[in-house]
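This report covers aromatic contacts and pockets in one protein structure.

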Amino acid sequence: MHRGNREGTKSKGSHQLPDPPCFPVEVWQKIFELATHVPYTLVPGLYEKSDRIRDQHSALEAALATKRRLVLVCKQWQYMAMRYLYRVVLIRTGLNLLALDHTLQNYAAGNGSLVGTRSPGHWTQRLDITMDLSDEFKCGELDRCVKRLADVIRSLPKLEIVSFAIPWSFGYEADAVIMPFRVLDALRCSANSLRILDWSGEDFCPQVHQLEELLRDLPCLRVLHCRQMVWANGIIPSSILSSLTTLAVDGFVGRARHPGEGDIRDACVSLKEFIYHGVFYVLPRGLFIRYGAYLTSVKLYRTLSRRFGEALDLLNEHCPNLDRFTFCLESLFSLDLPRVETWSFPRLSYLGVELQMLDLHGLFEFLPHLRNAVPTLRVFQLICPHVVEELLKGPFSVSTLKKLNDLPFRVEDDQGNLLSDRLLRSDSPSGRALRKHLGK
């Protein structure tokens, strides 16, 4: 009779905590982890791939769909899988934001779907906002959207990664919508946990002076991606130098009467990686002069091929500890070999290249040149997926494979696999012919 009363109570109270599962909870957690894991998307793995945050959204969305199916199986699974569902939060539309805000408010008021559990916002480590603000503006919802977004951020007190990848909302001019202070200020609620802060979109970026003030309150921040940053005479505000290891910018803004930051020799500098998305002819020479000795990794995107030699000279002069270098060119076809042979590369172990278009002939002229030009090189990587796919579909032969295998360094695809192995496994006519020729 007592058992019947307990079951009757449960049927009425759908918000009650479920009975423990038959198998140990740790076993189920391992299963959920394996089913929903996306590599390099959380701390610390994302430190290696922080400039590719926007490229991860489709994989995170696929994992989110799996997590939703898990929590819908039964109450026990909902309870156990809640932490995985909310570990990474994606806000793609105003409806996503509204639903999340409503859920978090319910838990704050004690009316969550599982009574007796803390808010799922405590599980959230990563927040990505990719919504198109123009849709909210058309509906007259922009102000309410901003308020909800600030409330949501305040309800996620253990955020480690926040990314604002918001597209151009109004026309083709970037920064049409400036991030309101209330949203920026809400990030202070995660001041002691924030490790990666990213504005890789074209809109909703903060004003540079407000960003500078926020950075002073983030003592554990390691990676910062922003469109612009304030500096004075090439000096980054020293308040963030002690923790920041990666800085990615489009450009720097000099500010009149900017407060002095003291002698760099008196500052503790942790900066190791600099990522620059601006064109080379406005390359911040001051940064390399002041911080080049600390840098072990530099990535230059939108590099002009005719000025590439000048960029190398700058790195050789001011970055004696440089070990990894990534650059972007339209095509290796645009490089005539005699000019390439005049380039002097630093002593690198890794060289990454992002190409806009594939030129197989230019690639196989460039690779042998690196044998002597960079004798310390251990890895050459094509970091652009579309170029790798084009290469795999195109014509190649046994001699192509031999040229790659004869090099003294690894040639990798965008995922870090040996390019020769990818060619051998390719489902293209050339790949099938190659396997047949080798008897595989």
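## Aromatic pairs

The model is predicted. Across the whole structure, a search finds 12 aromatic pairs. One of them joins F274 and Y276: the ring centres are 5.9 Å apart and the planes meet at 25 degrees, so the pair is stacked, the cut-off for stacking being under 30 degrees. Both residues are shielded: F274 is buried at a relative accessible area of 0%, and Y276 is counted as buried at 2%.

F274 also pairs with F288, and here the arrangement is edge-to-face, with 5.6 Å from centre to centre and 85 degrees between the planes. F274 belongs to strand 7 (residues 273-276) and F288 to helix 10 (residues 285-291), so this pair ties together parts that are 14 residues apart in sequence. F288 has a relative accessibility of 1% and counts as buried, because the limit for that class is under 20%.

## Aromatic cluster and charges over rings

One aromatic cluster is formed by F308, F325, F327, W343 and F345.

Arginine side chains lie over tyrosine rings at two places given here. R222 lies over the face of Y47, 4.0 Å from the ring centre. R324 is placed over the face of Y350, with 3.9 Å to the ring centre.

## Largest pocket

The largest pocket holds about 1100 Å³ of space. Its lining consists of 36 residues, and those nearest the centre are E48, K49, D51, R52 and D414. The elements that contribute two or more residues to this lining are strand 8 (297-300), strand 9 (324-329), strand 10 (350-355) and helix 14 (385-393). Strand 10 provides the largest share, three residues.

Sorted by class, the lining of the largest pocket contains 13 charged, 12 polar and 11 nonpolar residues.

## Second largest pocket

What volume does the second largest pocket have? About 560 Å³ of space lies in it. The second largest pocket is lined by 23 residues, with R54, S200, E202, H277 and R302 nearest its centre. At least two lining residues come from each of strand 5 (223-231) and strand 6 (246-254).

By class, the lining of the second largest pocket comprises 10 charged, eight nonpolar and five polar residues.

Key:
Residues numbered from 1 in each chain as written. Predicted model: local features only at pLDDT ≥ 70, side-chain atom pairs only at ≥ 80, totals over all residues. Heavy atoms only, no water. Phe/Tyr/Trp six-rings, centres within 6.5 Å; stacked < 30°, edge-to-face > 60°. Buried < 20%, exposed > 50% of the residue type's maximum accessible area, 1.4 Å probe, protein only. Helix = DSSP H or I, 4+ residues; strand = E, 2+ residues; numbered from the N terminus. Lys NZ or Arg CZ within 6 Å of the ring centre and 35° of its normal. 1 Å grid on protein atoms, 1.4 Å probe; cavity = no way out; pocket = protein on both sides within 12 Å on 5 of 7 lines; lining within 4 Å. Points joined across faces, edges and corners; volume = space filled by probe spheres on them. Nonpolar A, V, L, I, M, F, W, Y, C, P; charged D, E, K, R; others polar.
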